[in-house]
2 protein chains.
Amino acid sequence: MPAQRADARRNYARILAVAEEEVATHGADASLEQIARTAGVGSATVRRHFPTRHALLEAVFRERIQALATRAHELSEADDIRAALLDWLGALTVYSATVQGLATALLRAGELDPDHANPCVTPLAEAGEPLLRRAEQAGAVPPGVTPVDLVTLIAGIALAAQHHPDPATEATRLLHLTVTGISPPG
Amino acid sequence: MPAQRADARRNYARILAVAEEEVATHGADASLEQIARTAGVGSATVRRHFPTRHALLEAVFRERIQALATRAHELSEADDIRAALLDWLGALTVYSATVQGLATALLRAGELDPDHANPCVTPLAEAGEPLLRRAEQAGAVPPGVTPVDLVTLIAGIALAAQHHPDPATEATRLLHLTVTGISPPG
DNA sequence: TGCTAAGTGGCGGGGCCCTCCGTATCGTAC
DNA sequence: GTACGATACGGAGGGCCCCGCCACTTAGCA
């Protein structure tokens with residue numbers, strides 16, 4: 001017996017497809033009602049499949065987050081570990097700044113369920129961990145930095161660049177600034 | 001003749017006072033209707049005095065922004081210009097992370113009136129300019145950094161730290177990271 | 001004290017989010 | 001092929017919010 005009925009699965013897919021477009025257009029604040037309307041289902045059905053807005057966003061971004069995680073794993077074995085880390089951070093930045101709503105999803109942690117970790121950040125942080133650790137061991141990164149720090153920081157940068165006419169390049173500029181440091185000591 | 005009638009001025013003050021509390025509690029998304037209700041005026045009156053939400057936020061934060069600007073002017077004549085800059089950035093960070101809605105107000109530029117500069121950022125950027133310029137001349141800051149960059153970056157950091165249990169210290173930590181650099185060259 | 005324009009606020013329209021509950025549909029067992 | 005039970009659906013209704021309109025009140029000048 002299927003865990004889900006066939007029509008439920010179909011609706012899930014329809015809703016997700018519509019949500020992707022809608023989020024791409026209107027960002028993380030896209031109207032759930034509008035998504036339901038376009039998908040031709042009742043708004044209750046949307047809420048049934050995605051109990052919270054964040055759950056929907058997570059599903060929408062899952063593939064892209066997975067892609068970034070894969071990238072991190074590949075890069076973690078590169079020769080030049082610093083270049084690899086910067087490469088990954090750059091990709092993360094461009095994604096966050098380009099894909100509407102991603103940065104918001106990364107930051108808006110489980111605001112009301114604080115015990116439950118943000119399911120968008122976690123895979124990224126875990127994937128980036130080896131990369132960061134190797135960089136740290138190579139002395140390319142100051143000690144005490146966590147993967148979550150990096151993801152959080154970059155999401156913040158992306159959000160800050162959101163309003164800019166060209167978010168991706170603006171975010172990349174700001175990233176470059178924080179990589180080299182605003183005012184490195186000594 | 002007064003540019004405004006006395007009662008209008010009174011209402012303005014009442015609304016602003018209520019808005020300060022309401023924004024302090026609920027952040028930048030505070031309900032304008034709720035503010036109107038608490039202030040004992042119609043919602044139309046709120047909109048008349050503050051045509052946009054951003055206008056209201058600007059008024060709410062004006063004094064604090066002014067204080068930060070003053071601080072920047074004082075610090076711009078300090079002996080240790082790097083310490084002075086970092087001092088200011090730290091203060092800016094703590095404010096942005098602590099005062100509910102400030103970071104949002106700093107980032108949400110004139111989203112619909114792109115020609116008009118963000119009236120929250122501008123005074124800060126102008127005030128920070130001499131400070132930053134001196135720091136740059138002293139070699140404490142890489143060239144090409146603008147005051148707006150700094151304010152934007154810090155607002156982003158504050159927003160990123162928003163969800164954290166202790167936003168101020170988390171934001172300060174992240175600031176420290178971007179000041180020293182994630183992975184400074186050389 | 002009257003007049004005029006500045007100022008007010010209630011009302012209605014449009015949305016959105018969320019929940020409840022009667023109903024339709026799927027998948028199975030017969 | 002049919003009948004049944006669990007699963008899933010979606011419309012209706014309540015609550016809240018933003019926004020614009022327009023008849024009414026009131027402050028301040030003559």
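1. Arg5(A) is exposed, at 60% relative accessibility. Its salt-bridge partner is Asp7(A), and the closest N and O atoms of the two are 2.9 Å apart. Asp7(A) is partly exposed, with a relative accessible area of 29%. The cut-off for exposed is over 50%, so Arg5(A) at 60% falls in that class, whereas Asp7(A) at 29% counts as partly exposed. Note that this is a predicted model.

2. Over all chains, the count of salt bridges comes to 11. The pair Asp7(A) and Arg5(A) is one of them. Two others are taken up in the points below, one formed by Arg173(A) and one by Arg173(B).

3. Which residue forms a salt bridge with Arg173(A)? The partner is Asp149(B), with the closest N and O atoms 2.4 Å apart. This pair runs between chains, from helix α9 (residues 167-180) of chain A, where Arg173(A) sits, to helix α8 (residues 147-161) of chain B, which holds Asp149(B).

4. Are Arg173(A) and Asp149(B) buried or exposed? Arg173(A) is partly exposed, its relative accessible area being 41%. Asp149(B) has a relative accessible area of 6%; buried means under 20%, so Asp149(B) counts as buried.

5. In chain B, Arg173(B) forms a salt bridge with Glu170(B), at 3.9 Å from N to O. Both residues belong to helix α9 (residues 167-180) of chain B and lie 3 residues apart, about one turn of the helix. Arg173(B) is partly exposed, with 39% relative accessibility, while Glu170(B) is buried, at 12%. Through salt bridges that share partners, Asp149(A), Glu170(B) and Arg173(B) are joined into one network.

6. The next two points concern a helix pair in chain A. Helix α5 (residues 81-98) of chain A packs against helix α8 (residues 147-161) of chain A at an angle of about 45 degrees, and their axes are 9 Å apart. That angle makes α5(A) oblique to α8(A), because it lies between the 35 degrees below which helices count as roughly parallel and the 65 degrees at which roughly perpendicular begins. The crossing of α5(A) and α8(A) is right-handed.

7. Which residues of α5(A) meet α8(A)? From α5(A) they are Leu85(A), Leu89(A), Leu92(A), Thr93(A), Ser96(A) and Ala97(A). On the side of α8(A), Leu150(A), Val151(A), Ile154(A) and Ala158(A) take part. By class, this contact of α5(A) with α8(A) has 8 nonpolar and 2 polar residues, and no charged residues.

Key
Residues numbered from 1 in each chain as written. Chains lettered and ligands numbered in written order. Predicted model: local features only at pLDDT ≥ 70, side-chain atom pairs only at ≥ 80, totals over all residues. Heavy atoms only, no water. Axes fitted to C-alpha atoms, helices over the stretch in contact; angles between N-to-C directions. Helix = DSSP H or I, 4+ residues; strand = E, 2+ residues; numbered from the N terminus. Parallel < 35°, antiparallel > 145°, perpendicular 65-115°, else oblique. Left-handed = near helix turned anticlockwise from the far one by under 90°. Contact = heavy atoms within 4.5 Å. Nonpolar A, V, L, I, M, F, W, Y, C, P; charged D, E, K, R; others polar. Salt bridge = Lys/Arg side-chain N within 4 Å of Asp/Glu carboxyl O. Buried < 20%, exposed > 50% of the residue type's maximum accessible area, 1.4 Å probe, protein only.
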